[in-house]
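Q: Hi! I've got a protein open on my screen and I'd like to talk it through. Can you help me read it?
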Amino acid sequence: MVELKTEASIDAMYAAGQVVGQALSAVRKAADVGVSLLELDEVAREVLRAAGATSPFLGYRPSFAPTPFPAVICASVNDAIVHGIPTGYRLRDGDLVSIDCGALLDGWAGDSAISFVVGRARPEDVRLVDTAELALAAGIAAAVVGNRIGDIAHAVGRVCRTAGYGVPQDFGGHGIGRRMHEDPGVPNEGRPGRGFPLRPGLVLAIEPMLIGGGRDDYDEDPDGWTLRTSDGSRAAHAEHTVAITEQGPRILTARVPA
C-alpha cells in the first residue's frame with residue numbers, strides 16, 4: 001500500500017532527514033586513515049542521540065537476513081556494494097567507502113547514503129563516486145508530478161550505463177515514511193512511462209548503486225548482509241530521501257556541514 005504524505009508530514013520527515021544529513025556529514029569528517037568502521041558507527045550514534053532520534057537500521061531484520069543488523073550505519077568498503085556491517089577494520093589510504101544511514105524522529109524516517117575516498121583517491125574511484133551522484137541527481141530531476149517510477153529508474157540507469165558501470169539487480173530505492181521501507185519500490189533501471197504514477201505527497205528514497213567493473217552480478221558475504229562485486233571491482237552508492245510536490249522534488253536529507 002502506498003501512503004501519500006501531507007505537507008505537515010513531509011515537514012516532519014524533513015526534520016528526520018536533517019538528522020541523517022548531520023550524521024553523514026559527521027561520519028565523513030571523522031573518516032580518515034586509521035579510523036575504524038566501528039568508530040564511524042559511534043560518531044553516527046552520537047548524532048542520533050543528540051537529536052533525540054533512533055536508528056531504523058539497528059535491529060532491523062528483513063526476511064533475507066540471518067541476524068538483526070547490529071549498527072546504525074552500513075559501512076561498505078571498496079568491493080562492498082551495500083549493507084556492510086561496521087567492524088574493527090581500520091581505513092587505509094585510498095579506500096572507497098560508502099556510508100548509508102537512517103534516522104527515526106517523532107515517528108518519521110529519513111534515509112541517505114554517500115560514497116567517498118579516504119586519503120589519496122584514484123581517478124577511476126573519483127569518476128565512480130561522481131557518477132553515482134550524477135545518477136542520483138538525474139533520478140531526483142525525474143521525480144516530478146506526472147512522471148512514473150519508470151522515469152526515475154530510466155534516468156538513473158541511463159547515467160550508470162552510459163558511464164559503463166554495472167547495476168546490481170534486485171536492489172534499489174523504496175518508498176519511505178513511518179517505516180524505512182515502504183511501497184513502491186524504485187529500481188535503478190526501467191522503462192520510462194511505466195510503473196506507479198508520481199503524485200504530490202509520495203516520498204521516495206532514490207539510491208543508485210554502481211559496480212565499477214561493468215558487470216551486474218554480486219556475491220553475498222557469510223554475514224548474510226554484505227553484498228560484494230563478483231569481479232572484485234569497486235562500488236559506489238548514493239541516496240537521498242525525496243518528496244514529490246507540486247513545486248518539484250524536495251530533498252529531505254540535505255547534507256549539512258559537520
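A: Happy to! Let's begin with a term: two strands pair if DSSP finds at least two bridges between them. Keep in mind that this is a predicted model.

Q: OK, so how do β3 and β4 pair, and over how many bridges?
A: Strand β3, residues 96-105, pairs with β4 in the antiparallel sense, and the pairing covers 10 bridges. To spot it on screen, find A103, which stands opposite G110 in β4.

Q: What holds strands together in a sheet, in general?
A: Backbone hydrogen bonds: strands of a sheet pair through them, either parallel or antiparallel.

Q: Which strands form the open sheet here, and in what order?
A: There are 3 strands, in the order β1-β3-β4, with antiparallel pairing. The edge strands are β1 (73-77) and β4 (108-117), each of which pairs on one side only. From one strand to the next, the twist averages 10 degrees.

Q: And which helix packs on the sheet?
A: That's α2, residues 37-51, which touches β1 and β3. The direction of α2 makes about 155 degrees with that of β1.

Q: Switching topic: how many helices and strands are in the whole protein?
A: The protein has 4 helices and 13 strands. Its radius of gyration is 17 Å, close to the 18 Å that the globule rule gives for 258 residues, so the protein is as compact as a globular protein of that length.

Q: Nice. What percentage of the residues are buried?
A: Buried residues are 53% of the 258.

Methods: Residues are numbered from 1 along each chain as its sequence is written. This is a predicted model: local features need pLDDT of at least 70, side-chain atom pairs count only at pLDDT 80 or more; totals for chains, interfaces and linings use all residues. Side-chain values use heavy atoms; hydrogens and water are left out. Helices (H or I, at least four residues) and strands (E, at least two) are DSSP runs, numbered from the N terminus. Axes are lines fitted to C-alpha atoms, for helices over the stretch in contact, and angles run from 0 to 180 degrees between N-to-C directions. Contact means heavy atoms within 4.5 Å. The radius of gyration is taken over C-alpha atoms; the globule rule is 2.2 Å times the number of residues to the power 0.38. Buried means under 20% relative accessible area, exposed over 50%, partly exposed in between (1.4 Å probe, protein chains only).
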